[in-house]
Amino acid sequence: LRALTFLVALALALGVLNNGKAAPGPLKYLYISFHGDGSATTPLPQYGVNQILRFDLLNLGDPAQPVLGKGSPTPPRMLRDMQVLKDGTLFVAQGLKFDSCILQYGPCDQDGVRQFQREYRSPILVHPYALTLQGDTLFASTQDSGTVVGFNLTESHDLLSSGDRINFNLHGAFRYRPGITYRGIANYQKCLYLSVTEMDVVAVICHLDRVSRRIPVRH
């Protein structure tokens, strides 16, 4: 899909995406983030979509609707992975190399649109790819800075200028070197699972200062 379109990430919207409220029953919305072309505006469809679009799974014939409202310091561009909290908060990775950050949006309003709340940045958050949440920490894998960056969501200091939110770099064979790409990341039973593309492994990180084990996989 990525090679044919500008699609980067796909997220099924559980009940929490139903106007930001937990709701039992079947899935109602499908969220798709699009990579876009990195420009601030995309007037023509062939140049991509810098948005998250919402599809109504109960009415698939209806046009997809934009999710992200205005208000972010820079227009969202090259969007990638998403995370949605139970309170309806949405996080999405902005993968643009020279303007990399994690954008946070609030719950849906009555029209399904989310308003910008804040952004998370770090000097080594370059080209973020995937997101996962572990406790109060949001982790982002990066394609170009060779690390996993952690942001403590409970910190109250200036989120735009602080650089001390970098929780760890992977050590040993996983220390950054040219040609090593980190992609998917997930949290399971208090361990992080990190895809390392060129090494054909998933690194299991149960302690934030070292790799606990490696699972061989094919790219």
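Modeller: Let's start with a rule: two strands pair if DSSP finds at least two bridges between them. Strands are DSSP runs of E with at least two residues, helices are runs of H or I with at least four, and both are numbered from the N terminus. This is a predicted model, where local features need pLDDT of at least 70 and side-chain atom pairs count only at pLDDT 80 or more, while totals for chains, interfaces and linings use all residues. Residues are numbered from 1 along each chain as its sequence is written, and side-chain values use heavy atoms, with hydrogens and water left out.

Biologist: What makes β6 and β7 a pair of strands?

Modeller: Five bridges join β6 (residues 90-94) to β7, and the rule asks for at least two, so they pair. The two strands run antiparallel, with L90 opposite Y105 in β7. They form a hairpin with six residues between them.

Biologist: How do you know that β7 pairs with β8?

Modeller: Here too there are five bridges, to β8 (residues 114-120), again antiparallel; at least two are needed, so this is a pair. I102 stands opposite Y120 in β8. Five residues lie between the strands of this hairpin, and G112 takes a positive phi near 80° there.

Biologist: Why is C101 called buried?

Modeller: Its relative accessible area is 0%, and buried means under 20% (exposed is over 50%, partly exposed in between, with a 1.4 Å probe and protein chains only), so C101 qualifies. C108, at 9%, is buried as well. Strand β7 (residues 101-108) has seven of its eight residues buried.

Biologist: What makes C191 and C206 a disulfide?

Modeller: The sulfur atoms of C191 and C206 lie 2.0 Å apart. A disulfide is a pair of cysteine sulfur atoms within 2.5 Å, so the pair counts. The structure holds one disulfide.

Biologist: Where in the chain do its two ends sit?

Modeller: C191 is in strand β13 (residues 191-196), while C206 is in the loop between β14 (201-205) and β15 (213-216); they are 15 residues apart and link distant parts of the chain.

Biologist: Why is this disulfide called right-handed?

Modeller: The torsion about the S-S bond of C191 and C206 is about 105°, so the disulfide is right-handed.

Biologist: And is C206 buried, exposed or partly exposed?

Modeller: C206 has a relative accessible area of 31%. C191, at 11%, counts as buried.
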